[in-house]
Amino acid sequence: MRRKNSIKSMRVLSIAQPWASCIVSKGKNVENRSWSTKFRGYFAIHASQSKDPDRLEYCYESHIRLNPEQLPFGAIVGFAELVEVITKKDVTRKTEKWFQGEHGLVLANIIRLKNPISAKGSLGFWKLKGRKLRKCLEQLSATNLRKVVAKPLEHPLKKAA
């Protein structure tokens with residue numbers, strides 16, 4: 001097993017709220033994007049600074065209960081495993097609730113952090129490293145830590161599509 005301090009960096013994807021919180025606490029298993037990727041594996045979920053009342057209204061109308069005052073912004077909120085990228089023709093009963101658009105990043109094995117870690121985001125996949133990465137990994141159980149750090153850089157960022 002790798003120790004948490006042996007991992008130097010990890011992929012992160014910034015996701016607008018309330019979708020980041022829906023992933024880590026409401027069963028959202030598809031993150032919609034206009035682009036695809038060949039990457040598969042664990043990555044950190046970053047709740048972006050973006051605030052859009054229309055997204056919160058959509059959640060309310062869809063009976064997804066979230067308290068806007070308690071949503072973290074500009075922080076790492078959890079981890080997920082990207083297992084597949086789908087298009088409209090690939091949608092299944094399991095992915096139809098959350099799929100919209102061109103490409104859906106299908107997520108599994110989602111882990112919510114108890115304490116979000118403040119971080120600036122970026123477009124596409126980006127790297128988390130150093131103290132902020134350690135603070136995130138310290139919150140994981142031994143089992144989840146083994147999963148997350150097992151293959152985080154098997155597909156280097158510069159090779160991501």
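Which residue forms a salt bridge with Asp90? Select Lys89: the closest N and O atoms of this pair are 3.4 Å apart. A salt bridge here is a side-chain nitrogen of Lys or Arg within 4 Å of a carboxyl oxygen of Asp or Glu. Asp90 is partly exposed at 28% relative accessible area, and Lys89 is exposed at 73%. The cut-offs: buried is under 20% relative accessible area, exposed is over 50%, and partly exposed lies in between (1.4 Å probe, protein chains only).

Before moving on, note that this is a predicted model, in which local features need pLDDT of at least 70, side-chain atom pairs count only at pLDDT 80 or more, and totals for chains, interfaces and linings use all residues. Residues are numbered from 1 along each chain as its sequence is written, and side-chain values use heavy atoms, with hydrogens and water left out.

**Salt bridges**

The structure holds four salt bridges. Select Glu31 and Lys28 next. Their side chains meet in a salt bridge at 3.0 Å, N to O. Glu31 is buried at 7% relative accessible area; Lys28 is buried at 3%.

Now go to Arg55. Its salt-bridge partner is Asp52, with the closest N and O atoms 3.8 Å apart. Arg55 is buried at 17% relative accessibility, whereas Asp52 is partly exposed at 26%.

**Aromatic pairs**

Switch to the rings. The structure holds five aromatic pairs. Select Trp19 and Tyr58. Their ring centres are 5.8 Å apart and their planes stand at 75°, so the pair is edge-to-face. Rings of Phe, Tyr and Trp (its six-membered ring) pair if their centres lie within 6.5 Å; planes under 30 degrees apart are stacked, over 60 edge-to-face, the rest tilted. Trp19 is buried at 18% relative accessible area; Tyr58 is partly exposed at 36%.

Next, select Phe39 and Phe125. This pair is also edge-to-face. The centres are 5.4 Å apart, with 65° between the planes. Phe39 is buried at 1% relative accessibility, and Phe125 is buried at 15%.

**Charges over rings**

Arg11 lies over the face of Phe125, 5.4 Å from the ring centre. The criterion is NZ of Lys or CZ of Arg within 6 Å of the ring centre and within 35 degrees of the ring normal. Last stop: Lys51 lies over the face of Phe73, at 4.7 Å from the ring centre.
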